[in-house]
Amino acid sequence: MQIQRWLVVAAVAAAAAGCTRGCGGGESGLNPPAEEVLGEPEKGGRIIVASIGEPSVLLPPLASDSASAQISGLVFDTLIEIGKDLEYEPGIAERWEVSDDGLVLTFFLRKDVKFHDGTPLTADDVVFTYEALMAETTPSPYKVDFEPVERFEKVDDHTVRVTYRYPFAPALLSYAGAFGIMPRHLLQGQPLTQTELRFKPVGSGPYRFASWDKGNRVILTANPDYYKGEPYITQYILRIIPDQATTFLELKAGGVDEMTPTPVQYARQADSGELKGRVNKYDYYGFGYTYLGFNLEHPVFADKRVRRAISMAIDRDELVHGVLLGLGTPASGPYRPDVWYHNGNIKPMKHDPEGAKKLLAEAGFRTVNGRLVKPDGTPFKFEIITNQGNDSRRKTGEIIQRRLSELGIDVTLRTIEWSSFLKEFIDKKNYQAVILGWNSDIDPDQYSIWHSSQTGEGAFNFVSFRNAEVDRLLEEGRREFDQEKRKQIYDRFQEILAEEQPYAFLYVPKSLVLIDRKVKGVELGAAGLGWNFEKWWIPAAQRETTQQ
Amino acid sequence: MLGYLLRRLVGLVPLLVGISLISFTVMHLAPGEPAIVEGELGKKQSAELRQQLRELYGLDKPLHEQYVDWVGRMVRLDFGLSMTTNRQPVLDKILEKLPITILINICTIVVILLVSVPLGVASATRHGRTFDKVTTVAVFIGFATPAFWFALLLMLFFGVWLGWLPISGITSLNFEQLGPLAKVGDVLRHLVMPVLALTFGAFAYNSRIIRGSMLEVIRQDYIVTARAKGLPETTVVYKHALRNALLPMVTILGLWVPELIGGSVIIETIFAIPGMGRLFFESVSARDYTTIMGILTIGAFLTLLGNLLADLLYGIVDPRIRHR
């Protein structure tokens, strides 16, 4: 009983724990009041950030969990950075050029960037980072980003040239996220999975690694030699607290300054009691969305009318309120609503049970004794699968199940442990319908999810969506560097998806963050929080309020 | 006695092999594999990456080969590398968490004994009277209280409202700057609530055992004799009766040996204590096979050792038992 309860808490936590900084972003439904009189930023102080999970590896190519990425993002610098509105900004590369044919990317590095041990960062380190990431001994999830690279070479000490086998518009993004430049002189000759630096990293970023008390906390200190200037907050402490109820009490007691709350904590508990007037609430769209996917190789779902009817039968507002407590929005397609490539003309599918019935009748379905019967006379029933431990997906499934039963469709819901879920069901396309989520990137490229070449075993187009026009659009979109033209391409792509409904796109959840009001300079953008973390500050007068 | 000890120790070996074989098989029968991090689909879940991790962890070999490899390493006391992307040695991982769990459990056992034994004796000597009834109800309320709920109440009361005790973790942020004595004090302050939450439910069980065994002993002839000799009641109870009533506690102490390193998932998670319970739980969730096997093996060894110790102790405290 206790363990079960705990598991539920953990599952909710995991589901809600999108990300605190660095990923996601968006339009804000924010309540934080206009900052009080701000005054001049002051240096010093410390911020204590709570994390549910413990970091695993602090080197960028291996940092795949959110806690590891959070720390390695502060310790390491990237060539390109993501600005407030998700635009590319100069990082270590003060500028970059894309050749006219889109095949060659040239980065011009700043000359004043130093690693934390004082060694200057040069083109050698950039090339080394690429080689280390691609090395056979490095199990990095980011290799796929560099798959189209033909040559990665140093031109001179501060110039790097990357040649692609084909024009690849999403390429720039790969230099912004996980491509933190690592010091060649400290890492050369050892596999990344074995170096000591994976637990005490040395980068060139705004914060230096200070200590890691395993299971308790990671401490970083401001880098006085940071090329953009020393960050205001001197100490960054990541406290590992696996239970969100505890974290919330710590926030109340002042033992934590920033946390990712559960939707209930965010919506109902953060404005009252001890926290009244003490924290700012931030919510913003991340890049994830949840969908109901149909296996198009299954005869009944091959008919577009059936897919559209099911999609119409689902009340998305009900899902947003019931599952997310209103902290999200219905999805109209694979993109969040506040990015340039989102097609604003496409609205989320409206809840229309009558329309659904009509469509099903058109497709030859009949109602017999309140049960829907397929054209061949057998009852229409199917199974929705989703992964175990994800509470919001299970709830979503239950709500959909009820709505479809109103149409006379007999839906069963089954949750399956994650790895067998992937291995036995998704990889082998051994399912009828599935509730899952995608976490997309800043770039609109969706080649791996919708292109007909990606339908093999273990590939991501496991619904087997095959559409010649979509194939062409996705290929063009990857080759095109011009934003205007890309928008046209992806607008059309979204129209086709909306028409075809290979997925019933369900909702885009929001990322939630609570931050103690003593922290100033926090600015929410499309990129979320944290994009300007170096400029956050804490007035000296409010610093020593934490008791721990 | 020495011969008995040797025989028992040799007997441990096949037991350990059997336990490890069963654990290994059951673990691999359970769905899941370490190559996969749970969560969203995406490039972190690509089929190629999963295959690469499988090879890195040696999971592409047949199961019996994996087991033989594992045994081969274990006889050299090499626990292997954990099956997570950081490839930390399993032994390091365990040694990081072990001290805090042992410390908490020793504190817990001491508190349980300090409360349960007097409580059990007092209940037995006041058998059927109001004190007995009230403590019975009280300890069973404690027994029925969910530990996580009690822990959260403690945190709210002592941590948030009164601000007397730190809510979670085991050390304060300024721990490194403290003097040696202050460091001990700091850790103890952090331990108060977890130990309270861990002991609260255990009083019932242990005080009931003492009470029951006391009630049995107190009706024996030699107690009547002691009373008849005109000995004061405290001497009768605490010297003559209690010593014999404590015999069942020896078995319980033996069972506590493996628990010393067991740790409690719930309490460690709620109080953010990086102990063995959480390590085991997280390893199971992540299918970190080498770490799971490491913890299970140590646990099995200590359980067997605890049983052996309890048996030996019986020989010492109970003159009726002789080991040959």
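Okay, so let's start with contacts in chain B. If you take the contacts with a separation of 6 or more, residues 24 or more positions apart account for 70% of them. Keep in mind that this is a predicted model.

Staying with chain B, what are its elements? There are 14 helices and zero strands. The C-alpha atoms of chain B fill a box of roughly 85 × 60 × 40 Å along the principal axes. And of the 324 residues in chain B, 34% count as buried.

Chain A brings 46 residues to the contact, and chain B brings 47 residues. On the chain A side, several elements each supply at least two residues, among them helix H1 (2-16), strand E10 (235-240) and helix H13 (418-426). Which element gives the largest share of that side? That's H6(A), with six residues. As for the kinds of residue on the side of chain A that touches chain B, we get 18 nonpolar, 18 polar and ten charged.

Now have a look at a sheet in chain A. This one is an open sheet of four strands, in the order E4-E5-E7-E6, and the pairing is antiparallel. Why do E4 and E6 of chain A each have one side without a neighbour in the sheet? Because strand E4 (93-98) and strand E6 (149-156) stand at the edges, with a single partner strand each. From one strand to the next, the twist averages 15°.

Let's zoom in on one pair there. Strand E5 (residues 104-109) and strand E7 (residues 159-164) of chain A pair in the antiparallel sense, over five bridges. For A:Phe107, the bridge partner in E7(A) is A:Val160. There's a helix to find here too: H3 (residues 123-134) of chain A lies across E5, E6 and E7 of chain A, and it runs at about 165° to E6(A).

Last topic, the nonpolar cores. The largest has 183 residues, and A:Ala504 and B:Ala151 touch the most other members. Strand E20 (residues 503-516) of chain A gives the most to this core, namely ten residues. If we leave aside neighbours within four places in sequence, A:Ala504 is in contact with A:Tyr291, A:Leu292, A:Ile310, A:Ser311, A:Ile314 and A:Met349.

Definitions and conventions
Residues are numbered from 1 along each chain as its sequence is written. Chains are lettered from A and ligands numbered from 1 in the order in which they are written. This is a predicted model: local features need pLDDT of at least 70, side-chain atom pairs count only at pLDDT 80 or more; totals for chains, interfaces and linings use all residues. Two residues are in contact if their C-beta atoms, placed from the backbone, lie within 7 Å. Ala, Val, Leu, Ile, Met, Phe, Trp, Tyr, Cys and Pro count as nonpolar, Asp, Glu, Lys and Arg as charged, and the others, Gly among them, as polar. Two strands pair if DSSP finds at least two bridges between them. Axes are lines fitted to C-alpha atoms, for helices over the stretch in contact, and angles run from 0 to 180 degrees between N-to-C directions. A nonpolar core is a set of buried Ala, Val, Leu, Ile, Met, Phe, Trp, Tyr and Cys residues joined through C-beta atoms within 7 Å. A residue is buried if 20 or more other C-beta atoms lie within 10 Å of its own, exposed if 12 or fewer, and partly exposed in between; C-beta atoms are placed from the backbone.
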